[in-house]
Amino acid sequence: MPLAGIALAPLLVKPLTPPAPRSGVAAADAASSRPRARRRVRCSAADVPGGGGEAGELSRATLLWRAAKLPIYSVALVPLTVGSASAYYHAGLFFAKRYFVLLAAAVLVITWLNLSNDVYDSDTGADKNKKESVVNIIGSRAVTQYAANISLVLGFTGLFWAFAEAGDVRFILLVTCAIFCGYVYQCPPFRLSYQGLGEPLCFAAFGPLATTAFYFSNSMLNISSGTALLPLTKTVIASSVLVGLTTTLILFCSHFHQIDGDLAVGKMSPLVRIGTKTGARVVTIGICALYFLLVAFGICRSLPSGCIVLGALTLPVGKWVVDYVLKNHEDNTKIFMAKYYCVRLHALFGMALASGLILARNGILV
């Protein structure tokens, strides 16, 4: 079982320390009629990462790093690895070639998701001042759209190859539903993220749909005996819920520094609706729910004890995320980093789940 990839995922999240602010914090808007989301301490445009400051404030290397969003690709790695580990735990099945083809396909699908998101946010004006937007960096909407479409086609090619190998129609149906969630999240005419529905879609896509789909991808197609289908188990259901929750935390925290821009174009993200103070409390509740569910799944034997023990070791990272968001939710410059800290939690927690399942299969911490 190759855990090297997921073990290295946190290393991708190098500290992206935002540039030191050149000017002081702007005074909070005094108009009492403004939504609470806007009555927070805000940095000037020059201070906000991706804001409206001079182009020279961020190096091109920093802009390219942010545009590439490499740490975010852990959302392709974790569902695949946890789903594959669940199949290994249940039936001792693991197909290395299939795993790496699916990893490449998942990365290509996430590339489509990121590029098309930049394209459609450019259309609405949401990314007008976002310097790390791919559309703004290369100066061409059409090229970005073509690159996104090519990535999606190549990704589907890998997915259908895996489907042909596994012979389990549940895999291709679930993974197609997960991709459709990504489409309605950002693409016209739906753009459900503008209605504040991005988080439920994210949870469903990367949790129950994608993680379970990758579990089913380990079914076997045997010419002589037919297809050996994996049953749906409480273990993969529990694992998928936890993966969906950590992925959703990444998306939720990505909205903190974008409230003003979202509000200006009518994008009613959850944080536009509830404000950063309540949003910070939601993050706290989400982290607490993550570990509560982990213990609950262990008590009801949905997950082996190895998952509980190793998952509990990530508690300091969870506390770090909570403390950071509670302390910095009003500071656009610092809160920009919250989503990357959530990525670290997502990758480490996913590694803990996968490792616990593999150890249990081998008689350790059953």
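**Figure 1. Helices and strands of the predicted model.** The protein contains 15 helices and four strands, and the model shown here is a predicted one. Of its 366 residues, 54% are buried.

Figure 2. Helix H3 spans residues 74-91 and includes Ala 76. The relative accessible area of Ala 76 is 3%, so this residue is classed as buried. Apart from its neighbours within four places in sequence, Ala 76 makes contact with Ala 106, Val 107 and Ile 110. The view also takes in Ala 210, which is 134 residues away from Ala 76 in sequence. In space, the C-alpha atoms of Ala 76 and Ala 210 are 9.1 Å apart.

**Figure 3. A nonpolar patch on the surface, with Tyr 146 as one of its members.** Tyr 146, Ile 150 and Leu 154 together make a nonpolar surface patch of about 340 Å². Helix H6, which covers residues 141-166, holds Tyr 146. Tyr 146 counts as exposed because its relative accessibility is 56%, and the limit for that class is over 50%.

**Figure 4. Val 153 of helix H6 and its distance from Val 109.** Val 153 is located in helix H6. With a relative accessible area of 54%, Val 153 is exposed. Val 109 lies 44 residues from Val 153 along the chain, and a distance of 8.5 Å separates the C-alpha atoms of the two residues.

**Figure 5. The aromatic pair of Tyr 99 and Phe 100.** The number of aromatic pairs in the model comes to 11. One of them is formed by Tyr 99 and Phe 100, whose ring centres are 5.1 Å apart. The angle between the two planes is 90°, and the pair is edge-to-face. Tyr 99 is buried, at 3% relative accessibility, whereas Phe 100 is partly exposed, at 46%. Both rings belong to one aromatic cluster together with Phe 94.

**Figure 6. The aromatic pair of Phe 180 and Phe 190.** A pair of aromatic rings is described by two values, the distance of the centres and the angle of the planes. For Phe 180 and Phe 190, the centres are 6.3 Å apart and the planes meet at 75°. This pair is therefore edge-to-face, as planes over 60 degrees apart fall into that class. Phe 180 lies in helix H7 (residues 169-186), while Phe 190 is in the loop between H7 and helix H8 (198-216). The pair therefore ties together parts of the chain that are 10 residues apart in sequence. Phe 190 has a relative accessible area of 38% and is partly exposed.

**Figure 7. Charged side-chain ends over aromatic rings.** Two such arrangements are shown. In one, the charged end of Arg 98 sits over the ring of Phe 95, at 4.0 Å from the ring centre. In the other, the ring of Tyr 194 lies under the charged end of Lys 267, with 5.3 Å between that end and the centre of the ring.

Notes
Residues numbered from 1 in each chain as written. Predicted model: local features only at pLDDT ≥ 70, side-chain atom pairs only at ≥ 80, totals over all residues. Heavy atoms only, no water. Patch = residues over 30% accessible without salt bridge, like charges linked within 9 Å, V, L, I, M, F, W, Y side chains within 5 Å. Areas by Shrake-Rupley, 256 points an atom, 1.4 Å probe, with all protein chains shown as cover. Salt bridge = Lys/Arg side-chain N within 4 Å of Asp/Glu carboxyl O. Helix = DSSP H or I, 4+ residues; strand = E, 2+ residues; numbered from the N terminus. Buried < 20%, exposed > 50% of the residue type's maximum accessible area, 1.4 Å probe, protein only. Contact = heavy atoms within 4.5 Å. Phe/Tyr/Trp six-rings, centres within 6.5 Å; stacked < 30°, edge-to-face > 60°. Lys NZ or Arg CZ within 6 Å of the ring centre and 35° of its normal.
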